[in-house]
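Look over the sequence and the model below.

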Amino acid sequence: MSKHKDLKGLKRDTRLVLSGRAPESYFGIVNPPVARASTIIYPDLAAYENPDHQYRYGRLGNPMSDAFESALAELEGGAAAIGTQTGMSAITTSILSLVKTGDHILMVDTVYPPVRGFCTNVLGRMMGVEVEYYDPCIGAGIKALIRENTSVIYMESPGSATFEVQDVPAIAQAAREHGIKTVLDNTWSAGVLFRPIEHGVDISLQSCTKYIGGHSDVNLGVIVCADAALGKTVRQCAHDLGVAPAQEDMALALRGLRTLTTRMKQNAANAAKVVEWLQTRQEVTRIYYPALEGHKGYEIWRRDFSGANGLIGILLQEAPAGAVHDFVNALALFPIGSSWGGYESLLQPQYLAKCRAANPWKEKGALLRLQIGLEDPDDLIADLAQAFEKFNKVRG
Ligand SMILES: *Cc1c(COP(=O)(O)O)cnc(C)c1O
């Protein structure tokens with residue numbers, strides 16, 4: 001942490017540069033080096049028998065995980081952070097650390113879709129935990145769904161694919177009044193645009209695979225806990241499950257962290273330009289973008305968030321499947337790819353019929369998610385324009 005032992009008085013961008021670093025411990029080397037370690041040897045038996053001995057075994061913690069976790073705790077404003085090898089394992093570990101057989105949990109309907117499989121197969125079938133999906137726009141109305149055995153309210157804001165913005169403070173307060181823990185997937189904001197813990201959330205988790213990694217070359221997750229006691233519970237669960245991340249991945253995430261806000265500002269500026277242009281296109285019947293007036297939760301986004309990112313959902317006019325195929329295949333700068341938050345633009349088709357329970361998906365047009373990268377937005381717009389011509393040719 002260089003000469004600033006306490007980063008508290010510094011602004012966010014300064015903290016993002018200084019956090020998770022200790023050059024004085026590494027011969028002045030700016031970035032913490034990857035020190036490959038499974039085995040860590042002890043000086044004597046007393047050290048081995050000391051439960052507080054600093055590093056015991058690679059999987060249980062090492063200088064790199066300390067650096068990564070302290071930087072992420074700093075970013076999210078939490079008391080403790082626990083790294084996990086994927087965003088998905090950050091989600092599963094968070095939930096598993098808080099539930100037991102017979103519990104009921106409230107799951108936002110717009111959750112990252114693969115979580116639905118975990119809810120059905122692991123929570124439901126293996127553990128006997130009941131999962132109830134709720135409308136992301138429910139706000140304080142969540143109170144009506146709380147039961148005696150409700151142990152977790154899970155949020156993702158803005159949600160996956162359709163980006164509804166949740167009233168997090170209202171939900172967190174309702175949960176607190178009933179002694180229920182709240183977990184929020186904060187990947188959309190990367191911890192930069194929104195700090196859930198400041199709004200009363202107990203656990204803010206992220207897929208660092210997205211904006212924090214930022215270069216499409218790492219799968220990594222983090223769980224940030226509001227208080228230290230909860231941090232201990234979650235860390236124990238992470239150890240029980242064995243979900244420790246690789247050092248190389250954490251090193252890449254720390255590298256990504258240094259340019260995080262700079263990249264995100266450009267992603268958002270480029271996306272805003274693309275959105276403005278998309279609004280003029282008759283092929284697009286709806287745009288899903290939290291910074292757009294009229295979007296579900298726009299007012300809450302304005303109240304709670306400091307900006308937007310590079311993700312846009314577009315609903316195309318109803319058209320034959322061939323028109324959608326020709327549109328997508330004609331794009332040169334938007335290859336089809338899962339994931340987002342990297343430097344490059346991507347497109348991912350969304351099939352929500354199986355991913356919505358509280359609000360069944362009834363739209364007939366194709367829903368596409370665009371991840372706007374760091375290319376020149378004029379090139380991106382020109383690419384979309386030529387592909388819309390192909391779309392119109394088939395649609396007639
Ligand atoms: C990608 C993603 C995840 C999962 O991250 P992985 O590293 O792929 O496991 C979780 N939540 C959200 C919102 C995501 O977009």
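S216 is partly exposed, with a relative accessible area of 48%. Here buried means under 20% relative accessible area, exposed over 50%, and partly exposed in between (1.4 Å probe, protein chains only). This is a predicted model: local features need pLDDT of at least 70, side-chain atom pairs count only at pLDDT 80 or more, and totals for chains, interfaces and linings use all residues. Residues are numbered from 1 along each chain as its sequence is written, and side-chain values use heavy atoms, with hydrogens and water left out.

S216 sits in the loop between strand 6 (203–207) and strand 7 (221–225). Helices (H or I, at least four residues) and strands (E, at least two) are DSSP runs, numbered from the N terminus. The phi of S216 is near 60°, a positive value in a residue other than glycine. Most residues other than glycine have a negative phi, and most peptide bonds are trans.

S339 also has a positive phi, near 75°, and is not a glycine. Its loop runs between helix 11 (321–330) and strand 10 (346–350). S339 counts as partly exposed, at 28% relative accessibility.

Now for a peptide bond. The bond from S157 to P158 is cis, with omega near -15°. P158 belongs to the loop between strand 4 and helix 6.

S160 lies in the loop between strand 4 (150–156) and helix 6 (168–177). Is S160 buried or exposed? S160 is buried, because its relative accessible area is 16%. Which residues does S160 touch, leaving aside its neighbours within four places in sequence? They are T110, V111, Y112, P113 and R356. Contact means heavy atoms within 4.5 Å.

V34 is found in the loop between helix 1 (12–18) and helix 2 (45–49). V34 is partly exposed, with a relative accessible area of 35%. V34 and D249 are 215 residues apart in sequence, yet 9.7 Å apart in space, C-alpha to C-alpha. Neighbours within four places aside, V34 is in contact with M64, Q247, E248 and A251.

Next comes helix 4. Eight of the ten residues of helix 4 (residues 87–96) are buried, so helix 4 is largely enclosed by the rest of the structure. The buried residues are G87, S89, A90, I91, T92, T93, S94 and I95. T86 caps the N-terminal end of helix 4: a side-chain oxygen of T86 lies 3.4 Å from the backbone nitrogen of M88. A polar contact is a pair of N or O atoms within 3.5 Å; within protein, one must be able to donate a hydrogen and the other to accept it, and residues adjacent in sequence count only if both atoms are side-chain atoms.

Helix 4 also gives the most to the shell around the ligand, with three residues. In total, 13 residues surround the ligand, and the closest are M88, D185, S207, T209 and K210. A residue is near a molecule if one of its heavy atoms lies within 4 Å of it.

| Residue | Protein atom | Ligand atom | Distance |
|---|---|---|---|
| M88 | backbone N or O | oxygen | 2.8 Å |
| D185 | polar side-chain atom | nitrogen | 2.7 Å |
| N219 | polar side-chain atom | oxygen | 3.1 Å |

Taken alone, the ligand exposes 380 Å², and the protein buries 91% of that. These areas come from the Shrake-Rupley method with a 1.4 Å probe.
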